[in-house]
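I opened a new notebook page for this structure. These entries record what I looked up, in order.

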Amino acid sequence: MAYLGSPKATLEVINKYGFAFQKRFGQNFLIDSNILENIVSAANITKEDFVLEIGPGIGTMTQYLCENAREVVAVEIDKSLIPILQDTLSEYNNVEVINEDVLKVDIKKLAEERNDGKPIKVVANLPYYITTPIIMGLFESGVPIDSITIMVQKEVADRMKTGPGSKDYGALSLAVQYYATADIVLKVPASCFMPKPNVDSAVIKLTRHKDTQVKVSNEKLMFKIIRASFNQRRKTLANGLKNSPELNFTREQVTEALVSMGKSESVRGEAFTLEEFAKLTDILNSK
Ligand code: SAM
């Protein structure tokens with residue numbers, strides 16, 4: 001099987017199997033070999049590496065990953081792609097395809113079983129609607145991660161790098177900044193995909209910090225507080241925390257904590273830096 005990264009090779013596979021693109025799975029396949037080479041090279045995959053690919057599609061990027069990695073596990077939700085992947089990846093003996101929703105896969109267990117619990121590399125051309133739960137899930141569930149190299153909608157890439165004051169600032173920006181260094185490595189025009197999406201994309205590489213740069217007494221609590229603060233965007237941070245089903249602080253405890261930080265009780269979550277969320281968590285955690 002030749003490399004798939006061209007419009008002609010992709011069409012051949014699609015016609016051979018009578019494959020119908022499914023919008024609900026965000027299926028836009030890469031058809032540009034330069035972009036594929038650049039993604040694999042940015043991910044810095046070597047023969048030592050165990051790689052998790054999320055959403056292999058017809059296996060276009062998977063082929064490049066198999067060439068470069070020690071072992072690849074590719075998780076694909078669409079069962080009609082499984083016979084296609086068996087065909088397009090038949091030359092490789094270092095790949096396993098799992099037909100499952102990646103959000104239901106125990107990735108921590110996968111890393112333990114396949115990579116002795118050592119940090120894994122994740123590469124994905126993600127459907128845009130699951131970008132946030134995947135990234136936050138990977139970081140928060142304690143999966144040993146070296147890096148996550150992902151194609152996302154250009155706006156989502158910008159959101160990961162932004163700080164307080166921007167309309168794009170939110171739980172995803174804070175999670176990314178807490179756990180990793182984010183570099184936009186490539187801009188990818190819509191014409192590099194089949195079918196052509198309505199938006200431009202970017203490849204972003206998240207390299208996990210060896211040690212977190214912001215210290216906090218209770219990481220899980222901090223992310224509950226962060227999520228609660230951004231859940232109701234037009235509400236104050238204090239109201240967000242009070243209304244969160246995940247938290248049970250009284251209004252007085254929250255107000256007291258904010259005042260002790262020199263903040264007004266009407267402050268909004270989008271004005272808080274990561275360091276300030278960490279400090280607020282430490283104060284509330286000691287109550
Ligand atoms: N990697 C291929 C490429 O670059 O050409 C395909 C990328 S396409 C944007 C996204 C892929 O993710 C599709 O194959 C889709 O079926 C799959 N997918 C969507 N939701 C998924 C989920 N929850 N778990 C696993 N795969 C998913």
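I noted the ground rules next. The model is predicted, so local features need pLDDT of at least 70 and side-chain atom pairs count only at pLDDT 80 or more, while totals for chains, interfaces and linings use all residues. Residues are numbered from 1 along each chain as its sequence is written.

Entry: overall form. I found 12 helices and 9 strands in the protein chain; these are DSSP runs numbered from the N terminus, helices (H or I) of at least four residues and strands (E) of at least two. The C-alpha trace spans about 65 × 40 × 30 Å along its principal axes. I counted a residue as buried if 20 or more other C-beta atoms lie within 10 Å of its own, exposed if 12 or fewer, and partly exposed in between, with C-beta atoms placed from the backbone. On that count, 40% of the 287 residues of the protein chain are buried.

Entry: I looked up two of the positions.

Leu30 lies in strand E1 (residues 29-30). Leu30 is buried because 24 other C-beta atoms lie within 10 Å. Leaving out residues up to four places away in sequence, Leu30 touches Gly5, Ile35, Leu36, Thr60, Met61, Asn125, Cys192 and Phe193.

Glu76 is in strand E3 (residues 71-76). Glu76 is buried because it has 25 C-beta neighbours inside 10 Å.

Entry: strand E5. I asked how many residues of E5 (residues 120-125) are buried. The count is 6 of 6. Ile120, Val122 and Ala124 point one way from E5, and Lys121, Val123 and Asn125 the other way. I took two strands as paired if DSSP finds at least two bridges between them. E5 pairs in the parallel sense with strand E2 (residues 50-54) over 4 bridges, and Val51 stands opposite Lys121. E5 also runs parallel to strand E6 (residues 145-153), joined by 6 bridges, with Val123 opposite Thr149.

How values were computed:
Contact = placed C-beta atoms within 7 Å.
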